[in-house]
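Here is a short tour of one protein model, written for someone who likes to know the cut-offs behind each number. Please have the viewer open as you read.

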Amino acid sequence: MSSVRHLMYSRWLFHCSTSPSVNTSVCWHGRQKRLFSTTKRRMTIMPAWVIDKYGGNDVLRFTKNASFPVITYPNEVIIKVNAAGLNPIDVSMRGGYGASSLSMKRDPLNLKQHGMEFPLILGRDVSGVIMECGLDVKYFTERDEVWAAIPPWKQGSLAEFVVLSANEISRKPKLLSHREAAAIPYVAATSWSALVNTGGLSKDNCAKKRILILGGSGGVGTFAIQMLKAWGAHVTVTCSQNAERFVRDLGADHVVDYTSGPVEKPLSELEKFDLILDNIGGETERWALTLLKPWSGAKYVTLVTPFLQNTDLLGIADGMMQTAATVATKALKHSSKGFTTAGVLRP
């Protein structure tokens, strides 16, 4: 099961207003009062975990001199990080996964030098308090508690502050602590993207549908189970034996233990499925498609797509062409059996 680890910060956002060594100012924009620090040091640097190159754990470095994020566009906000969450994609990005595509997203005109993304801050989940709002931010104010899934092309949450668009954040549920909240946004958004945006499922059409989740005890799988059960679906999950009780408590109707041997055989003995959510990848696609209901609009949705890997190996243009050719070939092959296959690029 994928683990989500949290980095907690104990200081409050506006402790600077009571510190004798820090001056604070108050400004007004319309009806909105804003507090911000005017200390030069606090406005330019902050503590953060960074990487200066791609590699293993040894490339991680803690610094107290990371650049303080600034509001570049009027719809952005600066968030004081109370808790941060790590995901498998952070580990992959540390090793260079998606570097070519993400560099293009950061610098579409290719104006910057190679390696300008460094020092890079990882961390795709954040829960914290808004420190400052851009002039066009209308639905949030300073001191609002918010959470967000940070896009992988932006600086992450393993820092004291992070800047995001107001469209990328929402108010943190009051019932959740910051630490609890930081474990949710990225995997929840990925689950929603896979099941709703790609799989076409919703509370209105999910009743009595049979869904198979390959690798259901990880972050995405656990959220998918709960969403599908709330919508009335029948959910089958593959996981290890020690996670069986966990996924059953979340609502899974049937569990197949992959540690007891290949799961193809026990799964093939079950009734066919309307949708398969594949969190594993690799060779699973080879046999998983045989488990779908033919000519019924059944879908195979995978979170392990070749796009970023192809662009890393072949470059942007050739990687996109290779991915398009692969997807088109699979779509043509599977359409003859009435199946639909789709990959999900994680948020």
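A residue is called buried under 20% relative accessible area, exposed over 50% and partly exposed in between, with a 1.4 Å probe and protein chains only. The model is predicted, so local features need pLDDT of at least 70 and side-chain atom pairs count only at pLDDT 80 or more, while totals for chains, interfaces and linings use all residues. Residues are numbered from 1 along each chain as its sequence is written, and side-chain values use heavy atoms, with hydrogens and water left out.

| Residue | Relative accessible area |
|---|---|
| Cys-133 | 1% |
| Cys-239 | 1% |
| Trp-147 | 16% |

Cys-133 counts as buried because its relative accessible area is 1%. A disulfide is a covalent bond between the sulfur atoms of two cysteines. Searching the whole structure for such pairs (cysteine sulfur atoms within 2.5 Å) turns up zero disulfides.

Now for the overall picture. The protein has 347 residues, and 45% of them count as buried. Its secondary structure comes to 11 helices and 16 strands, taken as DSSP runs numbered from the N terminus (helices: H or I, at least four residues; strands: E, at least two). Contact means heavy atoms within 4.5 Å; among contacts between residues at least 6 apart in sequence, 68% join residues at least 24 apart. The protein exposes about 18100 Å², of which carbon and sulfur atoms supply 56%, by the Shrake-Rupley method with a 1.4 Å probe.

Where does Trp-147 sit? Trp-147 is found in strand S8, residues 145-149. Leaving aside residues up to four places away in sequence, Trp-147 touches a set that includes Val-126, Ser-127, Glu-168, Leu-176 and Pro-185. Val-126 is 21 residues from Trp-147 in sequence, yet their C-alpha atoms are 5.5 Å apart.

Finally, the cavities. A cavity is a set of points, on a 1 Å grid over the protein atoms alone, where a 1.4 Å probe fits but cannot get out; lining residues have an atom within 4 Å of a point. Points are joined across faces, edges and corners, and the volume is the space filled by probe spheres set on them. There is one cavity of 30 Å³ or more, and the largest cavity has a volume of about 30 Å³. Tyr-54, Met-93, Tyr-97, Ala-99, Leu-102, Arg-106 and Leu-120 line the largest cavity. Helix H3 (residues 99-106) gives the most to this lining, with three residues.

Conventions: 1 Å grid on protein atoms, 1.4 Å probe; cavity = no way out; pocket = protein on both sides within 12 Å on 5 of 7 lines; lining within 4 Å.
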